[in-house]
Amino acid sequence: MNWKRALLTDSGGFQMVSLLHLADITEKGVTFQSPVDGKRMLLTPEESIQIQNKIGADIIMALDDVVKTTTIGPRVEEAMYRTLRWIDRCLAAHQKPAVQNLFGIVQGGLDPVLRDICLRGLVERNLPGYAIGGLSGGEDKDSFWRVVAQCTAALPEDKPRYVMGVGYPLDIVVCSALGADMYDCVYPTRTARFGTALIPEGVLKLKHKVMASDERPIDPTCSCMVCKNYTRAYIHCLVTKDAMGSQLLSYHNLSYMMRLSRDLHTSIVEGRFPQFVQGFLRAQFPKGDVPKWVCNAMEVAGIDISACCAPLTSSQN
Amino acid sequence: MALRFEVVGRFNRARAARLTLPHFVCQTPLFMPVGTQGTIKGLTNNQLEDIGCQIILGNTYHLALRPGADLIDELGGLHKLMNWKRALLTDSGGFQMVSLLHLADITEKGVTFQSPVDGKRMLLTPEESIQIQNKIGADIIMALDDVVKTTTIGPRVEEAMYRTLRWIDRCLAAHQKPAVQNLFGIVQGGLDPVLRDICLRGLVERNLPGYAIGGLSGGEDKDSFWRVVAQCTAALPEDKPRYVMGVGYPLDIVVCSALGADMYDCVYPTRTARFGTALIPEGVLKLKHKVMASDERPIDPTCSCMVCKNYTRAYIHCLVTKDAMGSQLLSYHNLSYMMRLSRDLHTSIVEGRFPQFVQGFLRAQFPKGDVPKWVCNAMEVAGIDISACCAPLTSSQN
């Protein structure tokens, strides 16, 4: 790739389960039908780590037994315990601990008891970093933030915490307020392909007719190459009809996410994180209709956002 | 007239020139990438400037459909809409209509066709083509011509040639912005030197800012191709740009430049990129080929473009035909190659070493000396000695 900065690889497990129809999880590993020739194949923790050792990324992920957040019943518990057994197999298989950091992934669904067991099990193993897995899968936002809050409270202070599959800018701001450090998601680039740009106010749908003659940049506050060179009108012509449209929107959306990352870091370092959060929420919710789950999470995070929230009326809530 | 054309170097018929257009000062010979609807596939404006692109061609037909000529006009013209600071050229729309639309039909009025939007019968007249191009606002606009396939024979060729002459007058009458947009006429006449001559004289009489050689690159044999180009460049005025439409392959561009042409356009470099093919001095490199899978060299070690400086053949091999990034990187490289070829043609003529450039070019493409006969014949007429590049004739050749 000739990529000079850092790389992280996932375990391969999630794609297998989500992409392959006949994928099945057993104690050995993930069995699936090879998309190349249809043969039955098995991805074990050992093999996932071997492959990741060959790829050579800075951070590699343990193969975990991940279930949909909406799953209930004994499967959630089985998956959590299996994840703990598999981390030991991953650790044993890892050939390059001096140059590749193996992160463990906290599972346990939405059940705080199961999450707690998994957290303690992983922390015991003294890993270089930890991911919070099994979220961003359709669970309600109230459960989402509570699981993140529980995990960040229990994970070591001096190690990175990575919330997998997050996400929306708002979710990233909330999780950061609760003590998370790293995020990944296809959302910015995927939504670009549908003609949607990320802006401080939320989203801008470039396909909308009104964009056809709008000569402003996507985001006048954005200094990315796209906003410095192209108008909404031009991108409107392109979206869904020319690949260049998706390309320019992907560029802008990723710039937005990088800017968000920088703003989070810098505002914390400069001691103005609450002001940043307030500004962020005011831009996204100019009428003050900040979702309740955000209010609850910010309360736990100790950030006063009352100035951003419209006074409660009987029609709200 | 809204351009200035100054010849700054020569070798026999070949010329290097400075072409000053309203939006940009260009150096010829030059190749124009085709931007279809106001975008070159996968490249941003900055990238196009980085590789040295001077003029982009926009297809009037596609632009009129999307985003539409009136909208472009409202937004201040295509330059402003695209934010392209250099030069633009638009074609007349006629060619796409004839080649893309099944029910297109040419009459004296214009090109009648079935609208791809709602199936209604529509008519593109010379007047309307020029009106649309006036709205788009390109530096160079093309007359609507009656173009026939080069392989056509019979009275249709003559009819098309005379109609082209009648239509140039209608285009001239309709042209609202001669002070900022240069209307080029297009020489037609198929492969018939008599017809070509009539068309040439008719267009030259009208004292246009520039001239295109049309109706080629449509399947004719190479021998006929170069002869028509040679006839046209010999008859067109020395002090005006000559644009061979739809050319093309690097070899064709070198030959036409040797014969005295200045400007070219073709979808080939970007289209072939989408099939995984890169343009290199030796000819082409097929990135899909299995041997590329572990080849850690750049596409072209002599190329200094962003792709050759950053990516290996092995990496691009992974991508081609599977990830749009593969096409994109190859398009970038191929257009860089064409821009480099343009610069090399201009500079070698200015510096008095054009024959050596041509020899080097042919040696790289034909290391065994098997230069095609048509190239040898054309170079003879161009007065360029390429005997050192051609293997001695044996009874098996020829």
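The contact I will start with takes 19 residues from chain A and 20 residues from chain B, where contact means heavy atoms within 4.5 Å. Before going on: this is a predicted model, in which local features need pLDDT of at least 70 and side-chain atom pairs count only at pLDDT 80 or more, while totals for chains, interfaces and linings use all residues. Residues are numbered from 1 along each chain as its sequence is written, chains are lettered from A and ligands numbered from 1 in the order in which they are written, and side-chain values use heavy atoms, with hydrogens and water left out.

Now the interface itself. Chain A and chain B bury about 1700 Å² between them, with 51% of it on carbon and sulfur atoms. Buried area here is the accessible area (1.4 Å probe) that two parts lose on being put together, summed over both. On the chain A side, the residues that lose the most area to chain B are A:Asn229, A:Tyr234 and A:Cys237, together 28% of what that side buries.

How many salt bridges are there between chain A and chain B? The count is one, taking a salt bridge as a side-chain nitrogen of Lys or Arg within 4 Å of a carboxyl oxygen of Asp or Glu. B:Lys80 forms a salt bridge with A:Glu215, and the closest N and O atoms are 2.8 Å apart.

Which helices of chain A each supply at least two residues of the side that touches chain B? They are helix 8 (225-229), helix 9 (232-238) and helix 10 (243-269). Helix 9 of chain A gives the most, with four residues. Helices (H or I, at least four residues) and strands (E, at least two) are DSSP runs, numbered from the N terminus.

Next, strands in chain A. Strand 6 (residues 101-106) of chain A has five of its six residues buried; buried means under 20% relative accessible area, exposed over 50%, partly exposed in between (1.4 Å probe, protein chains only). Strand 6 of chain A pairs in the parallel sense with strand 5 (residues 59-61) over three bridges, and with strand 7 (residues 129-132) over four bridges, also parallel. Two strands pair if DSSP finds at least two bridges between them. A:Ile59 stands opposite A:Asn101, and A:Val106 opposite A:Ile132.

Chain B has an open sheet of three strands in the order 7-8-9, with antiparallel pairing. Its edge strands are strand 7 (105-106) and strand 9 (121-124), each pairing on one side only. Two bridges join strand 7 of chain B to strand 8 (residues 111-114), and B:Asp105 stands opposite B:Thr112.

Last, two helices of chain B. B:Met161 lies in helix 7 (residues 155-174) of chain B and is buried, with a relative accessible area of 0%. Not counting residues up to four places away in sequence, B:Met161 touches B:Gln188, B:Gly189, B:Leu195, B:Ile198 and B:Cys199. Helix 10 (residues 250-258) of chain B is largely enclosed by the rest of the structure, because nine of its nine residues are buried. Just after helix 10 of chain B, B:Gly260 takes a positive phi of about 110°.
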